Amino acid sequence: MIVIDKYHDMDDEALIEHAIEDKHAFDIIVKRYQTRVSGLISRYLWDRNEVADVTQEIFLRAYCALKQFRGDSSFSTCLLYTSPSPRD
């Protein structure tokens, strides 16, 4: 049996609307951006475990803030802006 993923081809804004109610939609967002976020974090942290922890924290923050996303900028911009800088 083939399962068709109804979220796979959605743009970020549509995914966000669905992710508020359906965690599977947020899983798609994580898969879409995890490499980019962890790549950014790895510029500041060299320990893989720390990179994974911080990446997970960023996605947790993003998930908790989904209802506040207004779409003034792209979701990827907001997500990467949430990423901690060396000052954090």
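Reader: Which residues does Thr55 touch, not counting residues up to four places away in sequence?

Author: Thr55 touches Gln34, Val37, Ser38 and Ile41 once residues up to four places away in sequence are set aside, where contact means heavy atoms within 4.5 Å. Thr55 itself lies in helix α3, a helix being a DSSP run of H or I with at least four residues, numbered from the N terminus. This is a predicted model, in which local features need pLDDT of at least 70 and side-chain atom pairs count only at pLDDT 80 or more, while totals for chains, interfaces and linings use all residues. Residues are numbered from 1 along each chain as its sequence is written, and side-chain values use heavy atoms, with hydrogens and water left out.

Reader: What makes Thr55 buried or exposed?

Author: Buried means under 20% relative accessible area, exposed means over 50%, and partly exposed is in between, with a 1.4 Å probe and protein chains only. Thr55 has a relative accessible area of 3%, so Thr55 is buried. Across the chain, buried residues make up 28% of the 88 residues.

Reader: Why is the pair Asp12 and Arg32 called a salt bridge?

Author: The term asks for a side-chain nitrogen of Lys or Arg within 4 Å of a carboxyl oxygen of Asp or Glu. For the side chains of Asp12 and Arg32 the N to O distance is 2.7 Å, so the pair meets the rule. Because Asp12 lies in helix α1 (residues 12-19) and Arg32 in helix α2 (residues 23-41), the pair ties together parts that are 20 residues apart in sequence. Asp12 counts as buried at 16% relative accessibility, whereas Arg32, at 31%, is partly exposed.

Reader: How many salt bridges does the rule give, and what is the distance between Arg61 and Glu57?

Author: The count comes to two salt bridges. In the one between Arg61 and Glu57, the closest N and O atoms are 3.5 Å apart, and these residues both lie in helix α3 (residues 48-64), four residues apart, about one turn of the helix. Arg61 is partly exposed at 43% relative accessibility, and Glu57 is partly exposed at 36%.

Reader: How do you know that the buried residues of α1 lie on the same side?

Author: In α1, the residues Asp12, Leu15, Ile16 and Ala19 are buried. They cover an arc of only 100° around the axis, so they are on the same side of α1, the arc being that of the directions from the helix axis to the C-beta atoms.

Reader: What is the largest nonpolar core, and which of its residues touch the most other members?

Author: A nonpolar core is a set of buried Ala, Val, Leu, Ile, Met, Phe, Trp, Tyr and Cys residues joined through side-chain atoms within 4.5 Å. The largest one has 20 residues, of which Phe26, Ile29, Tyr33, Val37, Phe59, Phe75 and Leu79 touch the most other members. Helices α1, α2, α3 and α4 (75-82) each supply at least two residues of this core, and α2 gives the most, with eight residues. Leaving aside neighbours within four places in sequence, Tyr33 is in contact with Asp12, Phe59, Phe75, Ser76 and Leu79.

Reader: What pattern does the chain follow along the sequence?

Author: Read along the sequence, the pattern is α-α-α-α, and the secondary structure comes to four helices and zero strands, a strand being a DSSP run of E with at least two residues.
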